[in-house]
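Visitor: I would like a close look at a single part of this model, with its surroundings described carefully enough that I can follow along in the coordinates.

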Amino acid sequence: MSGATAATVILNGLTLAALYFVVASGFSLIFGLMRTVNMAHGSLYLVGAYIGYAVFEPLYDRDLWYAWYLAILAGMAAAALFGVLMQTVLLGWMQGQELRQALVTIALSIIVADQLLARFGGTPRQFFAPDALFGSTALPLIGNYPTFRLVQIGVALAVGIGLWLLLNRTRLGLMVRAGVDDRPMLAAMGVNVPLVAVLVFALGAALAGLGGVIGATAQPLAQGVDARFLLTALVVVIVGGMGSIAGTAIGALLVGLAEQIGQALFPTYSVILTFLIMVVVLAIRPQGIMGRAR
Amino acid sequence: MTLARTLLLTGTAGLGILCLVPLALFLALPENQALFWIGNILARALIYGIIALSLTFLATYGGFVSLAQMMVAGIAGYVLAMTVQGAVPVIIGGFGYPMAILMALLASVLAGLAVGAIAVRTNDIYLLMITLALAVGFYRFVESNIDLFNGYEGIRNVLGPDILGRRFRDPMVFYTIASGTALLLYLGVLFLVRTPFGLALQGIRDNPRRISALGYNVVLHRIVAFGIAGFIAGCGGVLATIYNIGISPGSIGLGATINLLIMSVVGGLGHPVGAFVGSLIFAIFDTFAASLYDRDRFNSLIGAVFLVIVLISPDGALGLSRRLGRLLRGKPKPGAPPA
C-alpha cells in the first residue's frame with residue numbers, strides 16, 4: 001500500500017469513527033445514568049434520518065439552501081421526542097429492571113423498523129449536503145478528499161467537546177455525574193431524578209437522530225441500517241467502557257479504524273478484526289478500556 | 001420424588017403428548033391439513049423450540065440471557081452445509097450425513113464454549129450486549145464472505161439422509177426425528193440440572209462468590225454450561241438446516257436472533273418447557289397472523305405482542321398461567337420480584 005492510500009484509509013477510518021462516536025455517545029450517555037441498554041438506539045437513528053428526510057425533500061426540491069440544516073434540527077427533535085416518550089411511557093416506571101427494559105426496547109425497535117418501512121418504503125435514500133459542505137478539499141499527501149467527511153469529524157469534535165462541557169461545567173452535568181455514582185443519594189438530596197433521566201434520554205436520542213441525518217448524508221439510508229448502528233454502538237461502548245465519553249471516543253476510533261483498515265487489507269474478513277478487538281478488550285478489561293470496575 | 005421417577009414420568013408424558021397430538025390432528029382434520037400442521041407448524045415449533053431450549057437452559061439455570069444461541073445453531077447448520085455431499089455450491093463437500101452432522105455438532109459445542117469464554121467475566125445486561133454483538137457480527141461476516149459461506153445466497157440443497165427408505169423431509173419422518181430429539185434434549189436438561197454440575201451452576205447463578213469460596217471453579221462451570229447449550233443449539237441448527245433445505249445469512253441475522261429471544265420470553269424463562277411453549281405460540285402466530293392483520297406488517301404485530309407480554313407478564317406464558325391459576329384458586333401472590 002502506498003503512503004497516500006494508507007493515509008486515505010486512515011482518514012476514512014477517522015471519518016467513520018466520527019459518525020460512530022456521535023451515535024454511540026448517545027447510547028453511552030443513556031446507559032451511564034440509567035443503566036438502560038437502549039436496544040432501540042438504532043431505531044432512534046432511523047427515526048431521525050427518516051423524519052429529517054421528510055422535512056428535507058420538499059425544501060430541497062424548492063432549492064432552499066437551509067433544507068439540510070433544517071433536516072438536522074428536525075431529525076434531532078424527532079428522535080428526542082421519541083426518546084422522551086419511550087422513557088416516560090415505558091421505561092421510567094421499570095427503572096432498575098435492566099433486562100426487562102432491554103426487552104421492551106427490542107420490541108420497540110421491531111415495531112419502529114416495520115412502521116418506517118410501511119411509511120417510507122424500502123427504497124434507499126440519501127441527503128444531499130448543502131453546497132458549502134459539498135465537493136472536495138485538497139489535503140496534503142492525500143489529494144482531494146470529500147469535504148463532507150471532514151465535516152463529520154468536525155461534528156464529532158463539537159459533540160465531544162459539547163458533552164464534556166455539559167457534564168463537567170453545568171448544573172445538569174453535575175446531577176448526571178452524581179446520578180451515575182449514586183442514584184438514590186441524588187434523589188435524597190432533593191433532585192428530581194426522573195426529570196434528569198428524561199432530559200438525558202432526550203439528549204442521547206437527539207444524538208442518535210443527529211447521527212442519522214449525518215450518516216444518511218454520507219451513505220445511503222435503508223432498512224437494516226438500524227441493526228448496523230445498534231451493533232456499532234454496542235461494540236463501541238463495550239470496547240470503550242460504559243458511560244464514559246472518553247471511552248466512547250476511544251472505542252469509536254478503534255472500531256472505525258479497524259473497519260476501514262480491515263476492509264482495505266482483507267475485504268471479506270474485515271468484520272473479524274472488529275471482533276478481535278472486542279474479545280481482546282473483554283479478556284483484559286471486562287469493563288472496557290475506560291470503564292470503571294463495578 | 002427421585003430423579004429417575006421424575007424423568008420417567010416427564011418422559012412418558014412428553015412422549016404421550018408428542019404421539020397424541022398428530023393422532024388428534026389426523027382425527028380432527030382432513031389428511032392434507034393434518035400433514036400441514038405436523039410438517040409446517042409442529043415440526044418448526046420443535047426445531048426452534050430446541051434452539052430456544054438452549055437459551056432457556058442458560059437463562060433459567062445459569063442466569064445468562066445469551067443472544068448468541070441462534071448464531072451457534074447457525075454455525076452447526078453452516079458446517080453441515082459446507083461439508084456434506086450434495087450441497088450446492090460445494091465448499092468442502094465429500095462427507096456423508098453421519099460424519100457431517102457429527103462435525104456440525106462438534107463445531108456448535110466449540111462455538112458455545114467460545115461464546116462462554118468470551119462472555120465469562122460479564123453478567124446480566126453486559127452478557128446480553130456482548131452476545132448480541134457476537135451474533136450480529138457473525139451474521140455480517142457470513143453475509144460478506146463468499147469463500148466459506150457463499151455470502152448472501154448461502155448454501156442450498158441440504159436434504160438430509162434417507163431414513164429406512166423414506167425421505168428425511170417427509171413430514172411424518174421429520175416430525176418423529178424432531179420430536180425424539182426434542183424430548184431427549186429436554187429430559188437431558190432436566191437430568192443435568194439435578195446433577196452436581198447443574199446444582200453448582202444454579203449456585204453460581206444465585207451467588208458466585210459463595211460457590212467460589214466453596215472451592216468450585218466458577219469460570220469453568222460457566223464455560224461448560226455454554227458448551228452444553230451449544231450442543232443443544234447445534235442439534236436444532238442441524239434440523240433447521242435440513243428443514244429449510246439449506247442455510248443462508250438471513251436465518252441467523254438479527255431478526256432470527258430476536259425471534260428466538262421472543263419465543264423464549266413469550267414462553268417463559270422460568271422452566272425449560274417454556275422454550276417449546278413459546279416456539280409453538282410463535283409458529284402458530286407466524287402461520288396465521290397474515291389472516292389476522294396486514295400480511296406485510298407481521299413484524300409490527302409480533303413486536304406489539306412481544307411488548308405486551310413483556311409489559312404485563314415478564315415471565316411469559318408460563319408465568320401468566322401460573323398467575324391465572326393462583327387468581328382462580330384465590331391464593332395471595334408471593335413477593336417474588338419479576339424477572
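Visitor: Before we come to the largest pocket, how many helices and strands does chain A have?

Guide: This is a predicted model, and in it chain A has eleven helices and two strands, which follow one another along the sequence in the pattern α-α-α-α-β-β-α-α-α-α-α-α-α. The radius of gyration of chain A is 19 Å, close to the 19 Å that the globule rule gives for 294 residues, so chain A is as compact as a globular protein of that length; along the principal axes, its C-alpha atoms fill a box of roughly 60 × 50 × 35 Å.

Turning to the part you asked about, the largest pocket holds about 1200 Å³ of space. It is lined by 40 residues, of which Gly224(A), Asp226(A), Ala227(A), Tyr139(B) and Leu254(B) are the closest to its centre. On the side of chain A, the elements that give two or more residues to this lining are α2 (41–61), α4 (98–120), α9 (225–240), α10 (245–265) and α11 (270–284), while in chain B they are α5 (124–144) and α11 (254–267). Sorted by class, the lining of the largest pocket comprises 19 nonpolar, 15 polar and six charged residues.

Elsewhere in chain B, helix α1 (residues 3–28) packs with helix α2 (residues 31–62) at an angle of about 150°, their axes being 8 Å apart. Because an angle over 145 degrees counts as roughly antiparallel, α1(B) and α2(B) are described in that way. Among the residues that make this contact are Leu18(B) and Phe26(B) of α1(B), together with Glu31(B) and Trp37(B) of α2(B), and by class the contact has eleven nonpolar residues, no polar ones and one charged.

Notes: Residues numbered from 1 in each chain as written. Chains lettered and ligands numbered in written order. Predicted model: local features only at pLDDT ≥ 70, side-chain atom pairs only at ≥ 80, totals over all residues. Heavy atoms only, no water. Axes fitted to C-alpha atoms, helices over the stretch in contact; angles between N-to-C directions. Helix = DSSP H or I, 4+ residues; strand = E, 2+ residues; numbered from the N terminus. Parallel < 35°, antiparallel > 145°, perpendicular 65-115°, else oblique. Contact = heavy atoms within 4.5 Å. Nonpolar A, V, L, I, M, F, W, Y, C, P; charged D, E, K, R; others polar. 1 Å grid on protein atoms, 1.4 Å probe; cavity = no way out; pocket = protein on both sides within 12 Å on 5 of 7 lines; lining within 4 Å. Points joined across faces, edges and corners; volume = space filled by probe spheres on them. Rg over C-alpha atoms; globule rule 2.2 N^0.38 Å.
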